[in-house]
Amino acid sequence: MTERLYYDDCYQREFQARVVETADDGRRVYLDRTAFYPTSGGQPFDVGTIAGVAVREVVDEEDRIAHVLEAPVAAGEVAARIDWERRFDHMQQHTGQHLLSAVLIELFNIPTLSFHMGAVSSSIEVGAPQIDAARMERAEERCAEIVAEARPALISYEDSTAELGLRKASARSGTLRIVSIDRLDRSACGGTHVRSTAEIGPVLLRKIEKIRGNVRIEFVCGLRAIRRARQDFRTLSEISRLVSVPFDATPALVAAQVEKAKSLEKSSARLAAELAKREGAELYAATVADAAGVRRATERGAIADAMRARAQAFVAGSKAVFLAVSENPPSVLLAASGDSGVHAGDRVKAAVTAAGGRGGGNAGLAQGSVPDAKALEGVVRELGR
Ligand SMILES: [Zn+2]
């Protein structure tokens, strides 16, 4: 059974231990005692070194803790050291979670259902269908008040049969490890925590999401909160600089700009359609009829709205056939006036099918695509006749 040094002292960064067993050619190491926290209860494992070798993962095997190392270590006494920056960050997030969960009970009687600590932010899922912004702000400020009061966070061991007054009943029996925040919270927890609420630092509540009929609250504590706030400031500064208004005026300005852009897009599309229509009509007027009295035009370019509008304007004239050819992707569009004697759908379908492609349409308008440029030129020759 591994002695868990972090149970009684979460601040121990270095320790001596004895390798009692190894597996996986010396890469999976069991010690008689360890300060390495294994992934458990929503908190990720610690990293660091054992006998100078990097620890890649720490696994809770109930009675024992397995340290997965980058390289093998020999049996015997070893000196070990945990990555304190990562551990302390986890302690801040984890104790911050106890604080936030307790505050949500204290203020609104909203229970916490689960906790997840991520590499960037942490989250709790709480038993409420929704939480409005005013309540979130109230909770955030209450956390700040309790942080400022520097309330002790203590570890004790108590029997599960006693009247423990826990925030959330524990499923375990026997001796429980209880983490208490003075006059606020008592939770059964095996994680690592700071010793005073002051050490949690800032607690910032961020994204609120509805999930499974509950609410998920994203939050950051300590140095993470400071770094996140700094990044927010940079992002907002950049937006503010780009739109040339002060921070607080950016949402209204950006909303107005988005509306303006939408309106310009609509107006630009309308003008493009109008232009295409005129071009089609002008092209019809400038095209000389063939021996059968039919005016034929072929244009190369993207087959999109403008090309379609041009084609339709061209065949709005009598005895007219318009062919559009796109190289990329290899495709064609054929438009024909009702009196041209050409059934666009039938012609396109026959031509592209023969060239290994597919397509079709009605008598007046049809489209088709073919596999490559060579097939395309064959189709163009066929449809040009
Ligand atoms: Zn905890």
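Glu21 is partly exposed, with a relative accessible area of 39%; this label covers values between buried (under 20%) and exposed (over 50%), found with a 1.4 Å probe and protein chains only. The model is predicted, so local features need pLDDT of at least 70 and side-chain atom pairs pLDDT 80 or more, while totals for chains, interfaces and linings use all residues. Residues are numbered from 1 along each chain as its sequence is written, and side-chain values rest on heavy atoms, without hydrogens and water.

Glu21 has a partner: Arg64 forms a salt bridge with Glu21, with 2.8 Å between the closest N and O atoms. A salt bridge here is a side-chain nitrogen of Lys or Arg within 4 Å of a carboxyl oxygen of Asp or Glu. Because Arg64 sits in strand β7 (residues 64-69) and Glu21 in strand β2 (residues 14-23), the pair ties together parts 43 residues apart in sequence. Strands (E, at least two residues) and helices (H or I, at least four) are DSSP runs, numbered from the N terminus.

The structure holds 29 salt bridges. In another of them, Arg167 meets Asp185 at 2.7 Å, N to O. Arg167 belongs to the loop between β11 (153-159) and β12 (175-181), and Asp185 to strand β13 (residues 185-188), 18 residues apart. Asp185 is buried, at 4% relative accessibility, whereas Arg167 is partly exposed at 24%.

A network of salt bridges links Arg206, Glu218, Arg228 and Asp232. Within this group, the side chains of Arg206 and Glu218 meet at 4.0 Å, N to O. Arg206 lies in strand β14 (residues 203-211) and Glu218 in strand β15 (residues 214-221), so this pair connects parts 12 residues apart in sequence.
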